[in-house]
Amino acid sequence: MEEREQTQQNKLVWNPGTLLSPVPPALVTCGTLEHPNVLTIAWTGIVNTIPPMTYISVRPQRHSYPLIRQSGEFVINLTTAQLVPAADYCGVRSGAKENKFERCQLTPVRAAKVQAPLLAESPLSLECKVRQVLELGSHHLFLAEIVAVDVSPQLVDQQGKLHLERAHLAAFAHGEYFELGRSLGTFGYTVRKKKDPRPRRDTPPSKGPSAVTAGKGKMTQQRRKGQTGRPLQRKKK
Ligand SMILES: Cc1cc2nc3c(=O)[nH]c(=O)nc-3n(C[C@H](O)[C@H](O)[C@H](O)COP(=O)(O)O)c2cc1C
């Protein structure tokens, strides 16, 4: 069979590869608060809801590998756009040779349920305990239970709702870092009933434009000006 052939649908068929994108360039912390290490992990994801489970795939050559294998613990810290330089550095330099926390001005802090520290600079951290190790090939997969979630209070509103969209999270796709930007909708928005835009009888009729049209107007103005910044935050009712 040819290495690169063309299907009837006019797609190029390539050799198998790891091209799933985007993936998170997660900052994974391990070791202890006194002797911590941090490395960048893109091979990670969620694999179960109840109990909440995740995995990280780590090459045995990494300095972090024996730390995670022996302790059975690690923390996945979400990477923001601001943390991308640290994520890149921690992904190309080894903790065997230097203290990456000092070099990247990262702060290890005590976690609630594991000995591995979490990163103060990350808005959300998943504390994990390893349940199984799968020796797959180049990488060994640590299948783990998420035993606690640490979230920055700045991302939580007065009703206790998490606003992860405010965190400016980073994504990694085909060797490049990106900042998450424009929201295209929320879970289930395609089937959700639209709210009745007519004013309720007990509320006085509004003189100005509704929140929806006001928002649209602003967005239109923004586009007219040729701005490509982040979308406007929807105002709270
Ligand atoms: C964006 C990015 C993603 C990475 N993903 C992984 C990964 O999923 N698994 C892995 O073993 N190494 C991955 N690496 C490489 C390690 O982070 C890198 O070898 C690091 O220096 C290991 O640090 P340590 O020796 O202190 O453990 C990645 C590197 C980068 C830059």
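Predicted model: local features only at pLDDT ≥ 70, side-chain atom pairs only at ≥ 80, totals over all residues.
User: Why is H63 called partly exposed?

Analyst: A residue is buried if 20 or more other C-beta atoms lie within 10 Å of its own, exposed if 12 or fewer, and partly exposed in between; C-beta atoms are placed from the backbone. H63 has 16 C-beta neighbours inside 10 Å, so it counts as partly exposed. H63 is found in the loop between β6 and α1 (64-71).

User: How do H168 and H174 come out on that scale?

Analyst: H168 has 17 C-beta neighbours inside 10 Å, so H168 is partly exposed. H174 has 9 other C-beta atoms within 10 Å, so H174 is exposed. Across the 237 residues of the protein chain, 23% count as buried.

User: What makes the phi values of H168 and H174 worth a remark?

Analyst: Most residues other than glycine have a negative phi. Phi of H168 is near 55°, a positive value. Phi of H174 is near 50°, also positive. H168 lies in the loop between β11 and β12. H174 sits in the turn of a hairpin formed by β12 and β13, with two residues between the strands.

User: Which strands form the open sheet, and why are β4 and β5 at its edges?

Analyst: Seven strands form the open sheet, in the order β4-β3-β7-β10-β11-β6-β5, with antiparallel pairing. β4 and β5 (44-48) each have a single partner strand, so one side of each is left without a neighbour in the sheet. Neighbouring strands are turned by 35° against each other on average, direction ignored. Here axes are lines fitted to C-alpha atoms, for helices over the stretch in contact, and angles run from 0 to 180 degrees between N-to-C directions.

User: What makes β7 a mostly covered strand?

Analyst: In β7 (residues 73-77), five of its five residues are buried. E73, V75 and N77 point one way, F74 and I76 the other. In a regular strand the side chains alternate between the two faces of the sheet. T29 stands opposite V75, and V75 stands opposite E127 in β10.

User: What is F74 in contact with, and what counts as a contact?

Analyst: Two residues are in contact if their C-beta atoms, placed from the backbone, lie within 7 Å. Leaving aside neighbours within four places in sequence, F74 contacts V28, T29, C30, I56, I68, A116 and C128. F74 also stands opposite C128 in β10.

User: What makes a set of residues a nonpolar core, and which residues have the most contacts inside the largest one?

Analyst: A nonpolar core is a set of buried Ala, Val, Leu, Ile, Met, Phe, Trp, Tyr and Cys residues joined through C-beta atoms within 7 Å. The largest has 34 residues; L27, V28, I41, I56, F74, V75 and I76 have the most contacts inside it. β3 gives the most to this core, with four residues.

User: How do you know that a residue belongs to the shell around the ligand?

Analyst: A residue is near a molecule if its C-beta atom, placed from the backbone, lies within 6 Å of it. The ligand is surrounded by 22 residues, and the closest are H63, S64, G91, S94 and G95. β4 gives the most to this shell, with four residues.

Note on methods
Residues numbered from 1 in each chain as written. Pairing = 2+ DSSP bridges.
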